[in-house]
Amino acid sequence: MADDKHEAATGDDVGSAPTFFKEHEAFLTMLDTVAESASATEAWMQASAPADEERTIREMCSILEMYQEQPTCLDPYLERIVNRLMAVIEEYVQAYHESAADISADDTPAEKAHVSAARMNGIFELVYMLCKVRGYKIVLRFFPHSVADVEPVLATLWRHTANLGGSNWTVRYVMLIWLSLLSMVPFDLESIDSGIVNLPPLDASTSSNVQASSASSGKALVDLWVELGQFYLRRPGCDMEGAAVMLARLLSRKDTSTTLQPAFIAWAAHEISDAASGYAGLASGDANSSKKGMAIGSVLRINGALRVLCHLFLAMDSADPLQGQIGPLLDVLQSDAFEQHSVTRKLATKAAQRLALLVLPPLSATKRSDARPSARANLGAGTNTSSLAGNSAPSTIDKNMNNVPCASHDADLEISEEVETCIGVLLQRLHDKDTIVRWSAAKGIGRITERLPRSLAQEIVSAVVGMLQEETLVPATGLIDVSMTSEFSWHGSLLCLAELSRRGLLTPLALRETITWVLRGLTYEIQRGDYSVGSNVRDAACYVMWSFARVSDAAAKSLFAEMSTILATALVSVAVFDREPNVRRAASAAYQEHVGRHSAFPHGISVLQLADFFSVGNMHNAFVVASRRISEFTEYREPLLRHLCTVTIYHWDLKTRELAVEALRELAPLSPEYMASSLLPEMLVLSVAENVPNRFTEDFGASLTLAALATFIGGLSRAGWDIGGDQTRDRYFDYFVRALAMCPKPQSIVIDFTSFVDAYGITPDQHASIVHHVQEGGPGSSREGFVVALGALGTRADFEMLCNLITEGVTVEIRRDAALALGQFSQRALEIGQCGKMCDGDILAAVGALLGGLHDRTVDNRGDVGSWVRHQCLCSLQRLLAADLRVLVNVHGDRDLALRLLGRILHAATEKIDRLRVSAGLLLESFLYGPCGTMSHASGIDRLDADAVVERCIEELRLFIPNGQQNCNREGINWVDSESAYAQLVYALSVSEESLRKLLFEGLVVAGSAEPMGKFAINAVATYAGALPTADKELGPGWTVDGIIAELTRLLLTDKQTSKLINPALIVSDQLIEQGALLAASPDTWIPLYRAVQRVAFKLRAPQRLMLCVKLYGSLSLVSPAVARLVGESLLAHIGHPIPKIRQVAADQLFTMLCINGVVADIDEEGESSLEEIEQLLSETEWMQETDSVKESRARLAELVRQLLRDKSAPR
């Protein structure tokens, strides 16, 4: 079963989606266990299920929830699961009904029945979870439906309803849908009514209305049924949905449709109008009253009535029972009270469409088959029919509507005014602000149009297309301007067109006219401030394109073949260049549908493989990779380039524009003539247009424009273009100065500035201008950008200034950028020699300056901002090592610099920040093995001019730190994983050089205090210490256990005011002692550690550090009797501390020391008595209070503890 539980997806499935219910064995085993436990009748009197059963049920629900997106995987086992659960529930309901039948409703509520009302909550929750995952319609097929279950289920639900406070909503929901199935029993309900008695009133939890109880008991079964459903229609959540389904099925029976159905519909209409009458805006007409809205109770009443009407209209066979009620119902469905609640508007929209479908004649099976999947009758030949009265000039759409498959080919079929009203309501709802309402209206219009005569169907299609034309402008360029349109109207109209299309209701000319607007919808986007709207419109346009592929008539295929290239390129452009991933995937799905059904798209299969669902999900892959490969097909190349240059490159989102430029760089070389002759002239015109909107605040887009201009000048510089003399060069330099001063991220500007300096040079005055900005700064300018620019200049003064700024810069940003610039300066000097040759002294000076930056520990309200400097110094050091092997040789030859640098790198390799640890780890490998891992293999290079001590340290470190660089076959340390990195790096503590050991250990101690990776560092040190010898058995280089304790003592004795090592040292010391890693140390080593802790705690006012000291006292009590006596005195002193929390922690540690760890042994009867009194004082005294009794307890406690520790200290 273990193997089965972890079985992966098999076959041709994509990803890791399971292809079957892989946990079925474990689930069925748990199912049997739960069913056996729940079916034990003797346990039904318990108030709740056993804890084991509840835990198992939670685990089963978790398993089911994993299949929310693949519910059909449960189908092979669904019947067995449901039957097993419902057998238990059926037996329970019978027992509950029988036990409650003889109880008087006057004085005993439901929970006083012999069978507990809450015992089976877990079983009902499992059934609900099945309904949630698989759908109640599927699960309901396996429910028991015996006539004998009707009254017990109804009575049990009634009693649970009377006690809502003690009832679980999943129980009520399951029984409601169970009653919806039982309402379909093939017997007259009067014949199975035996008369249910002793039912409590439904409001028994809040009222003692005896009259209501007796009235309920005297009612017929069907009346109780309806009353129960009406009660739940006012309840929120699943109760309302279950009641609506139950009532719809009950009232659609033959024996209730004529007797109860009309009255119930009248009740529902009255319920809606009565609840809506409380809406302030209806009566007063006050403009501000509409803001008041309705009470939540009124909203629930309206939603419940609308929901049951929707289900009832769907279940009814004809509109005959609605005679005389359709008009009032339509008035109710158009109430202004619905406007503030989207769910209410959706339900009203659904009720309107189903009411219209109920009034209209149904489609025959043949016509339904012709209209739906294949639309064979669509677009075919036929005779023209007259339009509705008043339409004397039919449009191009009108001439082809006579071929649409509608309910009847008789144009004289009269359509009632009520149906036209419903259609008007649905067309209006296409403009609604909520998607769920527009979507419901679109589906309703599609369903209704199938049943209409051709003339009226033609008017509906024209009206929907007309919505797209509202408030649009078509200038001379031909591009439809949608800036004044509503995204809601476009979205609703496109959804409706998709529904009409997939039902085969669009003629050839209608399709041709619609395609123009759909293609515009694929790029629909309107900017609203710093965001845009229209992604839902583009998604709906893709849905329309998908629905076009479903029209399989020959005439439609001919039309699509004619326009195949236009449709294909439009879909591919959206699939690879849209900003939203769901739109890109929708366009890909529409393209796939066309390729699969028509095969008219050029290179369809090949393009689809490059732009499938997963390929277009990643934005960079879609923009750069997929577009480049698709552009190799000539049919798609120019359309993709035009889409980039006219749509995407002007997008409001910066990331989208940057990716568009990157994509243009890949695509432009494929069609240089088209770019040069057509697209570039247009782009140049737009780049200087005065009417380009200022899309950004702060600096009105100037920084973005300057950054783009810098990129342009950098490209010219790298290409070696002639820019036309000194005047142009000076102007370009001024652009760079402004960009460096204004752009928030100057690093990319400096890359182009470096190319500009290398290509055209700068004057001494311009050089002085850069230096002036670094030293003084200017009004509204940023010094950081000019600091980075110093890396592009080549004088010794610039070099020295950068070295000084790394440690003396005013801000952390300046120090970080100085480290970056120094790395760039040195790398250029070493690689290409354009800054002048760097001598050995310069190399050592650069390394020394970067080494100084590794000590930056600045912290402000943004956190550890010094890490920015440390990380940049590590990266710049790596650049220096990679630039020239001479750097490493010079560093190896300077003992002091090499050991300090190596120690600081080892310290950085223990950082809690992942990117710092990774950078330090890679730098450490380069230092030990060379930048490419070659020094250990190159003959003599690694020993050339190397100091002997440095060489020895390198050889020792190579034993513990493998070469993980790319050209080496050995597996290196995974620096990203802190656990494995610490576990391997800790063994470098065995190096013989003391300075390296101390820095590495210091780093591990600091890392040990950080969460969540601190436990990894502590575990690594504990494992290492456990294998160390004691002081008198030292074997080889490195530390002993005594040495580790001595180092912890040293860290604790650092300056208390400035050191950031004391708290980490306290934490790590406590954890190592608790894990037993240091208990093998010599007894004499513990006293200095205790004295160090005592010194830290002396007159300390920092509560957090003081609590760490007290906790470490408790751990030190375990090491030896002598230390235990000292610790006892210290804890007694802290029990008298003025801070209540310190007193409580000290008392807890003293209790643990004496009463749990047992540091005293072999005590006599007097000692036993003293220990019991100590335990009582420590546990019962309120140490957080400052009272006389606490002071007395403290004095007595001190006397007893001192006597006990003095006389009977136990050896450890």
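In the class counts on this tour, Ala, Val, Leu, Ile, Met, Phe, Trp, Tyr, Cys and Pro count as nonpolar, Asp, Glu, Lys and Arg as charged, and the others, Gly among them, as polar. The model is predicted.

**The whole chain**

Start with everything shown and coloured by secondary structure. The chain has 56 helices and two strands. Of its 1212 residues, 52% are buried. Taking contacts between residues at least 6 apart in sequence, 74% join residues at least 24 apart.

**The second largest cavity**

The structure holds three cavities of 30 Å³ or more. Go to the second largest cavity, which contains about 50 Å³ of space. Helix 41 has the largest share, three residues. By class, the lining of the second largest cavity has 10 nonpolar residues, with no polar and no charged ones.

**The second largest pocket**

Keep helix 43 on screen, for helix 43 (895-908) also gives two or more residues to the lining of the second largest pocket, as does helix 47 (994-1008). This pocket has a volume of about 530 Å³. Select Arg 857, Asp 864, Lys 912, Val 1006 and Lys 1060, which lie nearest the centre of the pocket among its 19 lining residues. With four residues, helix 47 gives the most to the lining.

**Helix 38 against helix 39**

Next, show helix 38 (residues 796-808) and helix 39 (residues 812-831), whose axes come within 8 Å and cross at roughly 145°. The crossing of helix 38 and helix 39 is left-handed. On the helix 38 side, display Phe 799, Leu 802, Cys 803, Leu 805, Ile 806 and Thr 807. Their partners in helix 39 are Ile 814, Arg 815, Ala 818, Ala 819, Ala 821, Leu 822, Phe 825 and Ser 826. The contact of helix 38 with helix 39 is made up of 11 nonpolar, two polar and one charged residues.

**Helix 17 against helix 19**

Move to helix 17 (residues 342-359) and helix 19 (residues 417-429), where the axes come within 9 Å and cross at roughly 150°. Helix 17 and helix 19 make a left-handed crossing. From helix 17, select Arg 345, Thr 349, Ala 352, Gln 353, Leu 355, Ala 356 and Val 359, and from helix 19, Val 419, Cys 422, Val 425, Leu 426 and Arg 429. By class, this contact has eight nonpolar, two polar and two charged residues.

**Ser 440**

Stay in this region and select Ser 440, which lies in helix 20 (residues 435-450). Is Ser 440 buried or exposed? Its relative accessible area is 3%, and buried means under 20%, so Ser 440 is buried. Apart from neighbours within four places in sequence, Ser 440 is in contact with Lys 346, Thr 349, Lys 350 and Gln 353. Thr 349 and Gln 353 also take part in the contact of helix 17 with helix 19.

**Tyr 173**

Now select Tyr 173 in helix 8 (residues 169-182). Tyr 173 is buried, at a relative accessible area of 7%. Show what surrounds it: leaving aside neighbours within four places in sequence, Tyr 173 is in contact with Tyr 128, Cys 131, Tyr 136, Cys 238, Asp 239 and Gly 242. Then draw a C-alpha to C-alpha distance from Tyr 173 to Glu 125, which gives 9.7 Å for two residues 48 apart in sequence.

**Two loop residues with positive phi**

Finish in the loops. Glu 471 is in the loop between helix 21 (454-469) and helix 22 (487-502). Although Glu 471 is not a glycine, it has a positive phi of about 60°. Its relative accessibility is 55%, and exposed means over 50%, so Glu 471 counts as exposed.

Last, select Ser 599, in the loop between helix 27 (581-597) and helix 28 (604-610). Phi of Ser 599 is positive, near 55°, in a residue other than glycine. Ser 599 counts as exposed, at 62% relative accessibility.

Conventions. Residues are numbered from 1 along each chain as its sequence is written. This is a predicted model: local features need pLDDT of at least 70, side-chain atom pairs count only at pLDDT 80 or more; totals for chains, interfaces and linings use all residues. Side-chain values use heavy atoms; hydrogens and water are left out. Axes are lines fitted to C-alpha atoms, for helices over the stretch in contact, and angles run from 0 to 180 degrees between N-to-C directions. A crossing is left-handed if the near helix is turned anticlockwise from the far one by less than a right angle, and right-handed if clockwise. Contact means heavy atoms within 4.5 Å. On a 1 Å grid over the protein atoms alone, a cavity is a set of points where a 1.4 Å probe fits but cannot get out, and a pocket is an open set with protein on both sides within 12 Å along at least five of seven lines; lining residues have an atom within 4 Å of a point. Grid points are joined across faces, edges and corners, and a volume is the space filled by probe spheres set on the points. Buried means under 20% relative accessible area, exposed over 50%, partly exposed in between (1.4 Å probe, protein chains only).
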